[in-house]
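Colleague: I would like to learn how to read a few features of a model. Could you take me through them one at a time?

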Amino acid sequence: MGFVADALQVDISFLAAHVKTKREAACLVRLGMNANRLDVLLAAAQNSMLAVRALREHWSTIVDGHAHGHGHGDGAHMGSSADAGPQPACFALLPLLAQAEDVERRNAARLQGQITEQCRELWACKRDLEQCIEQNMSIALEFSEAGCAEIAREKTAVARVETALVQRLETLFGGGGGGGGGGRMAFRQRAMERLELQLPHLSRAALEAHATWMDATAALNSRKRDVTENWKRERAALLTWAKERFSTARADATAASERARELLAAEARAEELRRQLDSLRPAFEEKRARDEEARLEEERKRLEAAEAAAVQAMEAQKKKRSAVEKFHQERAASRAAQEAEERRAKAAAEAERLKQAEIDRSRVSYRDSKRTQKLNSIEQLRWEAAKKEAARHRAIAAIAASVPYAEAIAQAQSDLTKTTAAFDQAVFDAADFHRNPHSVNNGFSDKKLFADPRFKLGYALHAAGVNGSAAAASAVQRACPVAATPFASTPGVAYY
């Protein structure tokens, strides 16, 4: 890969990841392909230049060797074959060298034209890239205003890469982009050096003049092409406008003539219809008179039928009104009889209610007396229970007073830091534990536990898996009965 391709070619992974439009991707791929072709053409031109230089060196060696050999032969006898100069067979190569040099020069001229055309292609790619840059920047601005920051950043990055490529193109071929005329002069200097090697028979001034002429011609052709394209666009727009106007005028004229023909035909049809109407008017008048008589007769018959229907409707209305009045009278009589029956039923119900109320009052009085007796008995039981409890407390106080250390117990004060004898007895003794590990037992022993029938019952129920059943609960209640009030001295008496 040459220096032009290194500067202008874009990685295919970047195209696949960031370039979304087919036109933009095609422009970047075409730019890389043209850069590779330009490198190939420059390498071929360099090889052709080196071939021309080698041919000229061979030509100079043969010709200069022949002149050197003749110079030595004038003053002395001929020496060895090496000092006698080139052999005659070498002179036969001169036409072949001239022919090869001519071929290489024509090849160099062809390569020069191809390089110029390739430079034009790269410059066309530059114009397309400028359009892509403008499009990407405008899209990035729209997405940024819409809140799509990620897409806006991606479009801005693609626009920056394309801007760098445009600046490199301007540096190589036209200046600008921060390089000014320095980049153009550096590229032109390299091109002149290569052309001097390719075309040694031309001077540097002639090559500069030719390059200047080529630039001017390219600029003129570009300007001519732009002017021609603008003229063609304007001409095409003018022709399109003229064709549209001509077609519109032709359509208007055709429509006007068609409307005129339609108006004439309509007038002819109207005249014919008027003549037919005049010929048919007597028959129409006669028919209209007959129709009017028939209509009047029909209207008379309709009025007579309407009067008869009205009379029948009035009679039916009278019959209906008399039936409604009879219905209302019968319903009023029935309602009066029903109301009288309801009054009699209410009076009977009220008498029954008063009788039942007298019976209920006697029953309520009896129940109230029974409830009062029950409350009195409950109060009597409470008084007796309180009396027994007071006697029990007096007995307990007498027993407590009979204890020798009762006064000490009454005056005892709590000391959280003082340990009890049971606690001191339960303190773990490491030395004794090492002597007899089985001596420490802070709970019930296995023997004592399994000797208890209640423990045996609970263990058996757990082992059988029925400890949660109602039968297991009933068995435990029978084996371990618990009083309803275990701390009450009198059964059935509650303490508050």
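Modeller: Start with Tyr459, which counts as exposed because its relative accessibility is 53%. Buried means under 20% relative accessible area, exposed over 50%, and partly exposed in between, with a 1.4 Å probe and protein chains only. This is a predicted model: local features need pLDDT of at least 70, side-chain atom pairs count only at pLDDT 80 or more, and totals for chains, interfaces and linings use all residues. Residues are numbered from 1 along each chain as its sequence is written, and side-chain values use heavy atoms, without hydrogens and water.

Colleague: How many aromatic pairs does the structure hold?

Modeller: A pair of aromatic rings is described by the distance of the centres and the angle of the planes. Rings of Phe, Tyr and Trp (its six-membered ring) pair if their centres lie within 6.5 Å; planes under 30 degrees apart are stacked, over 60 edge-to-face, the rest tilted. The structure holds one such pair. The ring centres of Phe455 and Tyr459 are 6.3 Å apart and the planes meet at 20 degrees, so this pair is stacked.

Colleague: Where do Phe455 and Tyr459 sit in helix α13?

Modeller: They are four residues apart in α13 (residues 453-464), so about one helical turn separates them. Helices here are DSSP runs (H or I, at least four residues), strands likewise (E, at least two), numbered from the N terminus. Phe455 is partly exposed, at 32% relative accessibility.

Colleague: Which residue lies over the face of Trp123?

Modeller: A charge sits over a ring if NZ of Lys or CZ of Arg is within 6 Å of the ring centre and within 35 degrees of the ring normal. Lys126 lies over Trp123, at 4.7 Å from the ring centre.

Colleague: What does helix α8 span between its end C-alpha atoms?

Modeller: The expected span is 1.5 Å times one less than the number of residues. For the 199 residues of α8 (residues 204-402), a straight helix would span 297 Å, but α8 spans only 145 Å.

Colleague: Where does α8 bend?

Modeller: A bend is the angle between axes fitted to the seven residues ending at a residue and the seven starting there. α8 bends by about 50 degrees at Arg281, and Pro282 follows within four residues. Buried residues in α8 include Leu207, Ala242 and Glu389.

Colleague: Which residues does Asn34 touch?

Modeller: Contact means heavy atoms within 4.5 Å. Leaving out residues up to four places away in sequence, Asn34 touches Gln118, Glu121, Leu122 and Cys125. Asn34 lies in helix α3 (residues 22-73) and is buried, at 2% relative accessible area. Gln118 belongs to helix α5 (residues 93-146). Gln118 is also buried, at 10%.

Colleague: What share of the protein is buried?

Modeller: Buried residues make up 15% of the 496 residues. The protein has 14 helices and zero strands.
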